[in-house]
Amino acid sequence: MAVELRRTANWLQLLSFCAVGASGYAVNLAVYSALLAGGSGFVVAAVGSFAVAVGNNYTLNRVLTFRNQRSTVAVQGARYLSVSLVVLAVNLLLLTLLVWFGLHEVWAQATAIVLVTPMSFLGNKLWSFKG
């Protein structure tokens, strides 16, 4: 593990993942806010924004972050979706707890996304896009 932490390529890949994630973060929060403004509850808004952001993130991660670790689109897509659904479940748990503790719904979602990002990176690096 310590050797892997010293590899520059892993840190560059993490930076790329975070850049892709930043675009997904913006998409997610924009859709989430729009759904809340349209009257959706925060859980429904989180699931809807997830559905939009996951497509954006999968495509960009496949093309940019993990371009040298390709398998078939179907296999990687199914794995990516599986990891994303687990991450969504954790996100919804954190979101619900943060809202329950009084954090504004948008700030709660923004915080929950940041907290699940390491889990998403590890799941996708080690399984979805495994070389």
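Predicted model: local features only at pLDDT ≥ 70, side-chain atom pairs only at ≥ 80, totals over all residues.
User: What is the handedness of the crossing of α2 with α5, and how many residues of their contact are charged?

Analyst: The crossing by which α2 passes α5 is right-handed. By class, the residues of this contact comprise 11 nonpolar and eight polar. The charged residues number two.

User: Are α2 and α3 roughly parallel or roughly antiparallel?

Analyst: Helix α2 covers residues 8–37 and helix α3 covers residues 42–65. Their axes lie 8 Å apart and form an angle of about 150°. Angles over 145 degrees count as roughly antiparallel. The two helices, α2 and α3, are therefore roughly antiparallel.

User: How many charged residues does the contact of α2 with α3 have?

Analyst: The crossing of these two helices, α2 and α3, is right-handed. Their contact has 15 nonpolar and 12 polar residues. As for charged residues, the number is none.

User: What span does α3 have between its end C-alpha atoms?

Analyst: A straight helix of 24 residues would span 34 Å at 1.5 Å a residue.

User: What span does α2 reach from its first C-alpha to its last, and which residue just after α2 takes a positive phi?

Analyst: With 30 residues, α2 would be expected to reach 44 Å at 1.5 Å a residue. Its actual reach is close to this, at 43 Å. Just after the helix α2, a positive phi of about 105° is taken by Gly39.

User: Which residues of α4 are buried, and which helices do they pack against?

Analyst: Helix α4, residues 73–100, reaches 39 Å, close to the 40 Å expected for its 28 residues. Its buried residues are Gln76, Tyr80, Val83, Ser84, Val87, Leu88, Asn91, Leu92, Leu95 and Val99. The buried residues of α4 pack against α2, α3 and α5.

User: Are α4 and α5 roughly parallel or roughly antiparallel, and how many charged residues does their contact include?

Analyst: The axes of α4 and α5 are 8 Å apart, at an angle of about 150°. The two helices, α4 and α5, are therefore roughly antiparallel. Among the residues of their contact are 15 nonpolar and nine polar, and the charged ones number two.

User: Is Asn61 buried or exposed?

Analyst: Asn61 is found in helix α3. Leaving out residues up to four places away in sequence, Asn61 touches Phe17, Val20, Phe66, Arg67, Tyr80 and Phe129. Its relative accessible area is 2%, and residues under 20% count as buried. Asn61 is therefore buried.

User: Where does Arg67 lie, and which residues does Arg67 touch beyond four places in sequence?

Analyst: Arg67 lies in the loop between α3 and α4. Its C-alpha is 18 Å from that of Ala22, a residue 45 places away in sequence. Not counting residues up to four places away, Arg67 touches Asn61 and Arg62.

User: Which residues does Val73 touch beyond four places in sequence?

Analyst: Val73 lies in helix α4. With residues up to four places away set aside, Val73 touches Tyr58 and Arg62.

User: How does Leu103 count by its relative accessibility: buried, partly exposed or exposed?

Analyst: Leu103 has its place in the loop between α4 and α5. Apart from neighbours within four places in sequence, Leu103 is in contact with Leu98, Ala108 and Thr111. Its relative accessibility is 34%, which falls between the limits of 20% and 50%. Leu103 therefore counts as partly exposed.

Definitions and conventions
Residues numbered from 1 in each chain as written. Heavy atoms only, no water. Axes fitted to C-alpha atoms, helices over the stretch in contact; angles between N-to-C directions. Helix = DSSP H or I, 4+ residues; strand = E, 2+ residues; numbered from the N terminus. Parallel < 35°, antiparallel > 145°, perpendicular 65-115°, else oblique. Left-handed = near helix turned anticlockwise from the far one by under 90°. Nonpolar A, V, L, I, M, F, W, Y, C, P; charged D, E, K, R; others polar. Expected span 1.5 Å × (residues − 1). Buried < 20%, exposed > 50% of the residue type's maximum accessible area, 1.4 Å probe, protein only. Contact = heavy atoms within 4.5 Å.
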